[in-house]
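Work through the following exercises with the sequence and the model open side by side. Each task is followed by a solution that goes step by step.

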Amino acid sequence: MRTILFTGKGGVGKTTVAAATALQCSQAGLRTAVMSTDPAHSLADSFDVDLDGSLTEVAPRCWATQLDATERMETNWGEIRGYLRDVFDWAGLDEVEAEELSIIPGLDEIFALTDITAFERAGDHDVLIVDCAPTAETIRFLSLPDILSWYMDRVFPMGRRLTQSLGPVVQRLAQVPVAGDEVFGAAERMYRQLDGVRDLLRDGDRSTVRLVVNPEKMVIAEARRTYTYLSLFGYRVDAVIANRILPEQVTDPWFSQWKDAQVRHLETIDEGFAPLPVLRAHLADAEVVGVDRLDELGASLYGDREAHGVLIDRDPLRIERRGDELVLSLDLPFATKADLDVSRSPEELFVRVGPYRRAVLLPDSLRRREVAGASLCDGVLDITFS
Ligand SMILES: Nc1ncnc2c1ncn2[C@@H]1O[C@H](COP(=O)(O)OP(=O)(O)O)[C@@H](O)[C@H]1O
Ligand SMILES: [Mg+2]
């Protein structure tokens, strides 16, 4: 199954483009599912149908669904919530407050992530289109598998041993509710699922991300940062989609400055994001709602390209030999030295860009070597191991 994620600033047309792409894929004969991780649930508005947590066929071979986070929370996370409720209760919070606190922020996004692998395992679809929440949430969401597994790898096994041996003592002494095996079991299950999601998202054959932008300064600035962070986490972007371009037919002088600005911004996008292909869609003469209008937009957007194809194939993390040295290269497009921080432990390389950090597990070939130097040039971080 091929997974394509769409992200971008709020209102740029993510949902519209995701829905249009799904229709293109289904018309190419592929069994296509489209789901939204955005709690705003506009996928239903876009297709102009009612959607729920099940799959609704919106066009031949094209099914859409909207995640029911509350329901998923109960089935996947019930044990942990129960435990948290006990802790809050012990801490003297009343029931209503405890109930609110035990809804962990961002959990619905974790469920959406694990849904991706559930689709793959079920094997009922050839393509899964994911309409993501606005950028900030999406990056947090895509960084989750990495952060959580790093944390769980180190802290979790120890935590479990500790509570196992100290459990009865702690319970007698302080009466703090100690997490039982079922809580650890649930956490471990979640962790394994997230690991699977991360593998899927890093595998360029199985999934890529498309950045949706409008030819506007602030939108492009945000897309640049998104591209940097996605690359940091090893997720592959295979296209930029420039949406809402004013068409030639608009000749009203009121729009002439807008049109000039758009031409300039489109050049910036082409240059800045190269070698990514930049797909274009015009501002339609009305809202793009319903299968017919989405179809039109999808056809003009992809032209002769295959909507489900990998539009550019490049691994953001590469290791190559240069003479006696090995060089680990990490694409960090648009990153500057000022927001970059690199350090290493014997086994890992820690790379921080702005607020985000990634721990790259070093392969055996690099662990025994010393770092001889690092450079950031044209959006590529090169770490030389001697
Ligand atoms: N190319 C376009 N031409 C005209 N209207 C568009 C176009 N793309 C999106 N829209 C409209 O803009 C609004 C916001 O689009 P939407 O896809 O919901 O954005 P997002 O998911 O990024 O928040 C919707 O009403 C949609 O119909
Ligand atoms: Mg949307």
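**Exercise 1.** Which unit do S7, helix H9 and S8 make?

*Solution.* This is a predicted model, in which local features need pLDDT of at least 70, side-chain atom pairs count only at pLDDT 80 or more, and totals for chains, interfaces and linings use all residues. Residues are numbered from 1 along each chain as its sequence is written, while chains are lettered from A and ligands numbered from 1 in the order in which they are written. Helices (H or I, at least four residues) and strands (E, at least two) are DSSP runs, numbered from the N terminus. With H9 at residues 256–273, S7, H9 and S8 make a right-handed β-α-β unit; right-handed means that, with the strands pointing away from the viewer, the path from the first strand over the helix to the second runs clockwise.

**Exercise 2.** Identify the contributors to the shell around ligand 1.

*Solution.* Ligand 1 is surrounded by 18 residues, a residue being near if its C-beta atom, placed from the backbone, lies within 6 Å. Helix H1 (14–27) and S7 (237–245) each supply at least two shell residues, and H1 gives the most, with three.
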